[in-house]
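Student: I am new to this structure and would like to learn how to read it. Please take one feature at a time.

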Amino acid sequence: MIAAVKDFVRIINELDRSKHRDEVFRDFCELSYCALAKRACPDEAQRDALETQYMEVVGRYRNKDDIRRMPELLAIMAGTIGNGGCDFLGMVAGELGVLDAKLGQFFTPFEVSRMMAEMTLADANAIIEAEGFITIDEPAAGAGGMLLAVADTIEGMGFELETSVWFRATELSRATYHMAYLQLTTRGLAGQVIHGNSISLETYTGAYTAAAPVFFAANGDPFAKQRAEREAQAKADAERAAQNEAALKERIKTLGDGPAIQGDQLSLF
């Protein structure tokens, strides 16, 4: 366990002893999520909702000094994640024992995630050189460990992280959704984290990371090309269907133009 994780866990253990450690940890993640997501949110109504959510968490603590120590935890997390090379909150969650095996939550060692990222992104260099960026969809993001490994891999190729990757990450668990947002935001990745179900396609909420505007300024809509290709394909399919229908109508119209069938024409011999 790295020193920063030890410091983080120590502070968690010092806060509000009337609460379970997993509750304090989840409250930290929710508070930090609200604060960072509000800054990156373009919608005023959603910003107000995040402010309300933030104050609801604050209201759970009688001693506001515990709340005042939360930024200290955020600084430890951000300073560690910013250097790459680890799934910080994943390690903290494992140390605190807050992962739920019934939901399939297990801590994947970062070295394994990094190996998988390097194997998956073998052609990423060529794609980024040709397109300017690469898009990644993570349907079961967890705390974001796999995308953190992607970030390390892309940076290792010599690309600027904020403008070379656009991600979409979906996570079912509300607590790990907050964790993923915190880690991917502080790592400098551009994209959207979604609290939802990738199987049923239900979406509960979502937030863009702070780097999203930087990516848009450099590249525009990351899905503009795919959208244009789909629209062109749909238009071509519609035109082809119209042509086939017109040809069918023409064939039906000319069916009665042939000579009448005589009795002997029905013979098989």
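Student: Where is Ser-113 found?

Tutor: Ser-113 is found in helix H7, residues 110-120. Helices (H or I, at least four residues) and strands (E, at least two) are DSSP runs, numbered from the N terminus. This is a predicted model, in which local features need pLDDT of at least 70 and side-chain atom pairs count only at pLDDT 80 or more, while totals for chains, interfaces and linings use all residues. Residues are numbered from 1 along each chain as its sequence is written, and side-chain values use heavy atoms, with hydrogens and water left out.

Student: Is Ser-113 buried or exposed?

Tutor: Buried means under 20% relative accessible area, exposed over 50%, and partly exposed in between (1.4 Å probe, protein chains only). Ser-113 has 5% relative accessibility, so Ser-113 counts as buried.

Student: Which residues does Ser-113 touch, not counting residues up to four places away in sequence?

Tutor: Contact means heavy atoms within 4.5 Å. By that rule, and with those neighbours left out, Ser-113 touches Thr-108, Gly-145, Met-146 and Ala-149.

Student: How is a pair of packed helices described?

Tutor: Two packed helices are described by the angle between their axes and the distance between the axes. Axes are lines fitted to C-alpha atoms, for helices over the stretch in contact, and angles run from 0 to 180 degrees between N-to-C directions. Here H2 (residues 21-40) packs with H11 (residues 174-187) at an angle of about 50°, and the axes are 9 Å apart. That makes H2 oblique to H11. Angles under 35 degrees count as roughly parallel, over 145 as roughly antiparallel, 65 to 115 as roughly perpendicular and the rest as oblique.

Student: What is the handedness of the crossing of H2 and H11?

Tutor: A crossing is left-handed if the near helix is turned anticlockwise from the far one by less than a right angle, and right-handed if clockwise. H2 passes H11 in a left-handed crossing. The residues of this contact divide into twelve nonpolar, four polar and three charged. Ala, Val, Leu, Ile, Met, Phe, Trp, Tyr, Cys and Pro count as nonpolar, Asp, Glu, Lys and Arg as charged, and the others, Gly among them, as polar.

Student: How do H5 and H11 cross?

Tutor: The axes of H5 (residues 70-81) and H11 come within 8 Å, and the angle is roughly 55°. H5 is therefore oblique to H11. The crossing of H5 and H11 is right-handed. In this contact, Met-77, Ala-78 and Ile-81 of H5 meet Leu-182, Gln-183, Thr-186 and Arg-187 of H11.

Student: Which residues touch the most other members of the largest nonpolar core?

Tutor: A nonpolar core is a set of buried Ala, Val, Leu, Ile, Met, Phe, Trp, Tyr and Cys residues joined through side-chain atoms within 4.5 Å. The largest one has 63 residues, and those touching the most other members are Phe-8, Phe-25, Phe-28, Tyr-33, Phe-88, Leu-89 and Ile-154. H2 gives the largest share of this core, ten residues. A second, separate core of six residues includes Phe-133, Trp-166, Ala-190 and Ala-212.

Student: What is the phi of Asp-16?

Tutor: Phi of Asp-16 is near 30°, a positive value in a residue other than glycine. Asp-16 sits in the loop between H1 (3-14) and H2, and is buried at a relative accessible area of 14%. Arg-62 is 46 residues from Asp-16 in sequence and 8.7 Å away in space, C-alpha to C-alpha. Arg-62 counts as exposed, with 78% relative accessibility.
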